[in-house]
Amino acid sequence: MFFVQCNKKNNTTEKSAETPAAQATSISGKLPIAYVNIDSLLQKYNYAKDLNESLLRRAENSRANVNEKGRQLEKEMAEFQRKYQNNAFLSQERLQQEQQRLMKKQQELQEYIQRLEDENMREQQKMLSQMNDSIINFIHEYNKDKKYEAILNNASTLYIDPSYDITNEIVDLLNKRYVKK
């Protein structure tokens with residue numbers, strides 16, 4: 001048998017056909033990706049904890065205000081019922097006025113409850129947006145040095161090798177950066 005090998009060298013520089021991810025894999029054995037466990041991040045990030053406490057206090061205060069107004073209305077309605085049963089109203093017109101006043105007060109309470117719920121929802125959305133912006137901006141800064149091709153949120157994946165988890169590092173750096181107001 002007779003074999004012939006021809007090595008023709010070209011003066012042009014050959015470019016690697018490998019993608020950056022494939023090049024990084026061959027160098028370090030790992031893909032240039034990482035992920036953050038969002039649940040852990042939110043449990044450990046001091047800013048997230050402070051925002052959650054603030055939202056809980058706000059909701060608790062709203063609930064206390066609603067309960068107080070509700071008790072006051074119930075008290076007035078019980079008084080109305082007592083007067084009605086004892087024929088304490090001077091006229092049918094006065095009875096109807098009091099009945100309308102209480103119905104209006106009940107409607108105002110319902111509107112107040114809705115307004116508080118809306119305000120609390122807007123505040124929650126605003127705080128979540130601020131926290132999300134804080135995390136995303138930090139990740140962008142963090143990745144300038146790390147040079148990951150992708151930093152994923154584990155909530156939308158079925159499996160990721162735990163060696164790609166950078167959650168604790170991110171939380172530590174975020175907490176060092178966070179100054180409580």
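**Rings and backbone**

Modeller: Let us begin with F80, which is buried, as its relative accessible area is 11%; buried means under 20% and exposed over 50%, with partly exposed in between (1.4 Å probe, protein chains only). This is a predicted model, in which local features need pLDDT of at least 70 and side-chain atom pairs count only at pLDDT 80 or more, while totals for chains, interfaces and linings use all residues. Residues are numbered from 1 along each chain as its sequence is written, and side-chain values use heavy atoms, with hydrogens and water left out.

Colleague: How many aromatic pairs does a search of the whole structure find?

Modeller: Rings of Phe, Tyr and Trp (its six-membered ring) pair if their centres lie within 6.5 Å; planes under 30 degrees apart are stacked, over 60 edge-to-face, and the rest tilted. The search finds six such pairs. Among them, Y45 and Y47 are edge-to-face because their planes stand at 65°, with the centres 5.9 Å apart. Both Y45 and Y47 are buried. The pair of F80 and F89 is tilted, since the planes lie at 50°, with 5.4 Å between the centres. F89, at 17% relative accessibility, also counts as buried.

Colleague: Which residue has a positive phi of about 60° although it is not a glycine?

Modeller: Most residues other than glycine have a negative phi. K147 has the positive value in question, and K147 is exposed, with a relative accessible area of 59%. N87 likewise has a positive phi, near 50°, and is exposed at 68% relative accessible area.
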